Each structure stands twice: as structure tokens, then as C-alpha cells.
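Take a look at the model first, and then we can walk through it together.

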Amino acid sequence: MYLHLGQNEIVPLSRIIGVFDLDKCSYEKRTRDYLAAAEREGVVLDVSGDLPRSFVVCDHPYHDQIVYLSQLSPAALKKRAESGKME
């Protein structure tokens, strides 16, 4: 099964480590530090096309992890994952 994150980006559900609300998590220093480090390492992909609402952490065959910024809310991503649809 796959999850469509937006902007033609699709990832296998088995690779997803976590889906996080960017508004709620970005207040925490650890989250900001994590995202800044990921940005420096070049493993952040912005697939939002606009203001991102969530970030999805996935494992990756060539990196420890990759972070996708999505314009979809965590609730919308969860609904897509549970329905099995790639809307």
C-alpha cells in the first residue's frame, strides 16, 4: 500500500516512521533542531507546493531518514492511509 503526500509524491506505507503536525510540533526545540539538521543534510523534500501543514518521516534506502513536508494535515494523511486510496 502507498500514501499520496501531495504534489505527485507517493511513498510506501511500510516506509513511514511517523506523521507529525507541523504547527503543534514546531514549538518544541527538539523538533526544530531535528528539522534543521535534516535540512542541513539535504533530506527534506517540500512536496507541499504551499505552506506545509505536516511532515512525514520515512526510512530510505540511501539515507537514514527522509522528511517530506506536506500541505495535507495529519488527519487527512491518516484518512488516506486508512482508506487505501491514493487521492
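Of the 87 residues in the protein chain, 32% count as buried, where buried means under 20% relative accessible area with a 1.4 Å probe, protein chains only. Keep in mind that this is a predicted model, in which local features need pLDDT of at least 70, side-chain atom pairs count only at pLDDT 80 or more, and totals for chains, interfaces and linings use all residues. Residues are numbered from 1 along each chain as its sequence is written, and side-chain values use heavy atoms, with hydrogens and water left out.

**Overall fold**
- The protein chain has 3 helices and 6 strands, taken as DSSP runs (helices H or I, at least four residues; strands E, at least two) numbered from the N terminus.
- Along the sequence, these elements follow the pattern β-β-β-α-α-β-β-β-α.
- The C-alpha atoms of the protein chain fill a box of roughly 35 × 30 × 20 Å along the principal axes.
- Among contacts (heavy atoms within 4.5 Å) between residues at least 6 apart in sequence, 50% join residues at least 24 apart.

**Serine 48**
- Serine 48 sits in the loop between strand S4 (44-46) and strand S5 (54-59).
- Its relative accessible area is 2%, so serine 48 is buried.
- Leaving aside residues up to four places away in sequence, serine 48 touches Gln7, Leu69, Ser70 and Gln71.

Note on methods. Buried means under 20% relative accessible area, exposed over 50%, partly exposed in between (1.4 Å probe, protein chains only).
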